[in-house]
Amino acid sequence: MITLFHGSGRIVRTPEYGQGSPNNDYGRGFYCTREIELAREWACAEEDDGFVNEYGLEEDGLTCLHLNGAGYHILNWLAILLENRRFDLSSPVAVRARQYILENFLPDYKEFDLIVGYRADDSYFSFSRAFLANTISLSQLRSAMHLGELGEQTVLRSRRAFDTIRFVGAVPADASVYHSRRMARDREAREEFRRLLTASPSEDEIYVSTIINQEWKNDDPRL
């Protein structure tokens, strides 16, 4: 049994399968975290008070795709993001990069009950766009994913997972505290990213144009 938290503007006693936006990071699903402090911040995404809903989830019998675990890499996460989120890609290299990443690095994620991976807050989203535009390297993108400690999310996707989750209770989240913390965390990530960009790149940095031109595949050992 694991404990999950969901930050929201309301109390959610019974998460409903099939609800939610199809344009979230991993498509439709119920988005949670194991970290209550992050849930408090997510509950106050706007400047209004919210609630942290607590749940118990029995993992036995559920399949889980852990995108930060063994066997997966950052381009798998990015491919799923590209399939679900709306990206404004204005440059030809970014359009080509999107197509190549989707064709070569998209895992078969839709059959899993749970997905665990990075949460694409505004800062993470901007890092991804920079990589697609050939502005930052693969190693810089990897490093950026840890900036600001924005955390992981656990997403329930299947009906079986929704049947397993149980509501424990809810506590209020004060926007006067947690909205500012959320904004500060995002600013910290962006500031650290700017410092990362000013560092001298090594000669062997790999950019998305290199990945495309050299026709890297999902099992490439350099990933």
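Strand E3 (residues 50-57) and strand E7 run antiparallel and are joined by seven bridges; strands (E, at least two residues) and helices (H or I, at least four) are DSSP runs numbered from the N terminus. The model is predicted: local features need pLDDT of at least 70 and side-chain atom pairs count only at pLDDT 80 or more, whereas totals for chains, interfaces and linings use all residues. Residues are numbered from 1 along each chain as its sequence is written, and side-chain values use heavy atoms, with hydrogens and water left out.

**Sheet**
- An open sheet of three strands has the order E1-E3-E7, with antiparallel pairing (two strands pair if DSSP finds at least two bridges between them).
- E1 (2-8) and E7 (166-173) stand at the edges with a single partner strand each, so one side of each has no neighbour in the sheet.
- From one strand to the next, the twist averages 25°.
- Opposite Phe51 stands Pro172 in E7.

**Helix on the sheet**
- Helix H1 (residues 36-43) lies across E1, E3 and E7 and runs at about 20° to E1 (angles run from 0 to 180 degrees between N-to-C directions, and axes are lines fitted to C-alpha atoms, for helices over the stretch in contact).

**Helix pair**
- Helix H2 (residues 74-84) packs against helix H3 (residues 92-105) at an angle of about 115°, their axes 9 Å apart.
- H2 contributes Leu75, Asn76, Leu78, Ala79, Leu82 and Glu83 to the contact, and H3 contributes Arg98, Ile101, Leu102 and Phe105 (contact means heavy atoms within 4.5 Å).
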